[in-house]
Amino acid sequence: MFSKNLKYYRLKSNMSMKELASSIGVSPMTISYYESGERKPGMETVKALAEVLDVKVTDFLSSRNHNLIFSHGEFRKGSRLSVKQQDYIRESVEEYLSRFYCVVALLGGEVLPEAPVCRGIRLSMDVEENAFAMRRYLHLSEFGPVGNLIGILENKGILVYVTDIESDAFSGMNGTVNGRPYVIVNGKMSPERIRSTIAHEMAHILFEWPEELQEKKAEEMVTAISQAFLFPADDAKRELGIRRTSVTRDMSLVCKEYGISMYLLVKRANLCGIVKDNAAKDFYIKAGRSGWRKNEPSRIEKEEPILFMQLVFRAVCENEISAQKGAELLKRPYSFVVEQCFAGEEGRNGIY
């Protein structure tokens, strides 16, 4: 418990073992022993660690669910993320899902829908057919916009964690916890990019990928499927027409409707033959000059996972846990949980 939490908060503070050890006057090997659980520090050392890492002593004592088995996805070869950053991302997933499964255990596992089987879709060489297959597998309409993607996945038993990672080298990752798929995405990204990243990770999760397929080719296929999933070819032709001589302002309304960036829309329109190469190239040049490659203006509201919060509020209202425990699980103020669960005298009397 202490060992895992110490490692998590050290990585969250972007400190190496050597840096943390130097800050409290011990050797890096001692920190390694603490994080592996081979040794336990005294209270004075714990207080020193808490001060350096800017956490409370009680944060080190937060319970961890030791019955969880994680299988984390691989980071891409050549990733610009450091080993320390990769470790932090994995640790942040485990810390979050440990809190999540604490309330699941209290309420009973049946509160989570049965998740779709991973690697359950046979891959074809037709991108559009793969996108249709992915929609069918998730029991979605084959055409039209995909609504609140995070809400859809949570209602299908797929866990989504949105957290702020201070690196533009990280967009998302997938894995499983006790066999249930999860997706983690970087909340620092635009709402449109978060949606496309989630769709990208879902393609990784749901398709059966041939072992002989090279990583670069697989990534290209995953990207193409996820983009077609969000904006099918037939939809593109219906919304945009069969031919456009240029990229025009009215297309932003389609971006808003489908929850996609203009970059994604233009790429799909170009692949579908709606926008010709020269018009697409002209857009990319102008958008690049305007800084859109990294900071395209968002046109939609940011989606947020709500399942964890719903389960905690339910546990509080059913007296399975205290409001204080609920606040600790959510890492939100006690007053916030009380306000949400007991909205004044009207709330207590059943009037909302």
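Cys341 counts as buried because its relative accessibility is 5%; buried means under 20% relative accessible area, exposed over 50%, and partly exposed in between, with a 1.4 Å probe and protein chains only. This is a predicted model, where local features need pLDDT of at least 70 and side-chain atom pairs count only at pLDDT 80 or more, while totals for chains, interfaces and linings use all residues. Residues are numbered from 1 along each chain as its sequence is written, and side-chain values use heavy atoms, leaving out hydrogens and water.

So what about disulfides (pairs of cysteine sulfur atoms within 2.5 Å)? The structure has zero of them.

| Cysteine | Nearest cysteine sulfur | Distance |
|---|---|---|
| Cys272 | Cys255 | 14 Å |
| Cys341 | Cys317 | 4.0 Å |

Cys272 counts as buried too, because its relative accessibility is 18%.

Now for the cores. A nonpolar core is a set of buried Ala, Val, Leu, Ile, Met, Phe, Trp, Tyr and Cys residues joined through side-chain atoms within 4.5 Å. The largest one has 56 residues, and Met134 and Phe229 are among those with the most contacts inside it. Apart from it lies another core of 55 residues, including Met15 and Tyr161.

Last stop: His204. You'll find His204 in helix H9, residues 191-206 (helices are DSSP runs of H or I, at least four residues, and strands are runs of E, at least two, numbered from the N terminus). His204 counts as buried because its relative accessibility is 19%. Setting aside neighbours within four places in sequence, His204 is in contact (heavy atoms within 4.5 Å) with Arg119, Asn174, Trp209, Glu219 and Val222.

Key. A disulfide is a pair of cysteine sulfur atoms within 2.5 Å.
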